[in-house]
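Please keep the sequence and the model in view while reading.

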Amino acid sequence: DMGDVMDDETPEPIEEYVPGMAGGKNYMARLCHFENSPWFIDAIHIEGLPPLGNPDKTWPTRDEAAAAAEAMVAALSH
């Protein structure tokens with residue numbers, strides 16, 4: 001019985017998947033936030049590399065989080 005796991009005390013984060021390319025690598029960033037909360041980067045999946053994540057840092061908007069994800073991927077390829 002999974003009924004107890006999904007109680008209303010723990011809201012599910014809203015997830016958005018943002019594809020991109022940086023430094024010649026395709027990636028898919030999973031950005032998350034809770035309602036009325038800042039965004040964080042849950043995971044960035046990059047072709048041929050282990051996933052990145054930075055859940056401790058947050059951004060006020062989805063666009064800023066997406067830009068930060070792109071910057072993280074770009075930094076890897078240098």
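Among contacts in the protein chain between residues at least 6 apart in sequence, what percentage join residues at least 24 apart? The share is 24%, where a contact means heavy atoms within 4.5 Å.

## Basis of the description

This is a predicted model, in which local features need pLDDT of at least 70 and side-chain atom pairs count only at pLDDT 80 or more, while totals for chains, interfaces and linings use all residues. Residues are numbered from 1 along each chain as its sequence is written, and side-chain values use heavy atoms, with hydrogens and water left out.

## Overall make-up

The protein chain contains 1 helix and 4 strands, arranged along the sequence as β-β-β-β-α; helices (H or I, at least four residues) and strands (E, at least two) are DSSP runs, numbered from the N terminus. Of its 78 residues, 26% count as buried, meaning under 20% relative accessible area, with exposed set at over 50% and partly exposed in between (1.4 Å probe, protein chains only). The chain exposes about 5200 Å², of which carbon and sulfur atoms supply 54%, the areas coming from the Shrake-Rupley method with a 1.4 Å probe.

The 4 strands form an open sheet in the order 1-2-3-4, with antiparallel pairing; two strands are taken to pair if DSSP finds at least two bridges between them. Strand 1 (14-22) and strand 4 are the edge strands, each pairing on one side only, and the twist averages 25° from one strand to the next.

Strand 1 is joined to strand 2 by 9 bridges, and here glutamate 15 has cysteine 32 of strand 2 as its bridge partner. Strand 2 (residues 25-33) pairs with strand 3 over 6 bridges, leucine 31 being partnered by isoleucine 41 in strand 3. Strand 3 (residues 39-46) and strand 4 (residues 52-59) are joined by 4 bridges; tryptophan 39 stands opposite tryptophan 59, and isoleucine 44 stands opposite leucine 52.

## Hairpins

The hairpin of strand 2 and strand 3 has 5 residues between the strands, and in it asparagine 36 takes a positive phi near 60°. In the hairpin of strand 3 and strand 4, which has 5 residues between the strands, the positive phi belongs to glycine 48, with a value near 75°.

Helix 1 (residues 62-76) lies across strand 1, strand 2, strand 3 and strand 4, and runs at about 35° to strand 3; axes are lines fitted to C-alpha atoms, for helices over the stretch in contact, and angles run from 0 to 180 degrees between N-to-C directions. Strand 3 itself is mostly covered, with 6 of its 8 residues buried.

Leaving aside residues up to four places away in sequence, alanine 29 touches Glu16, Tyr17, Val18, Ala43, Ile44 and Ala69.
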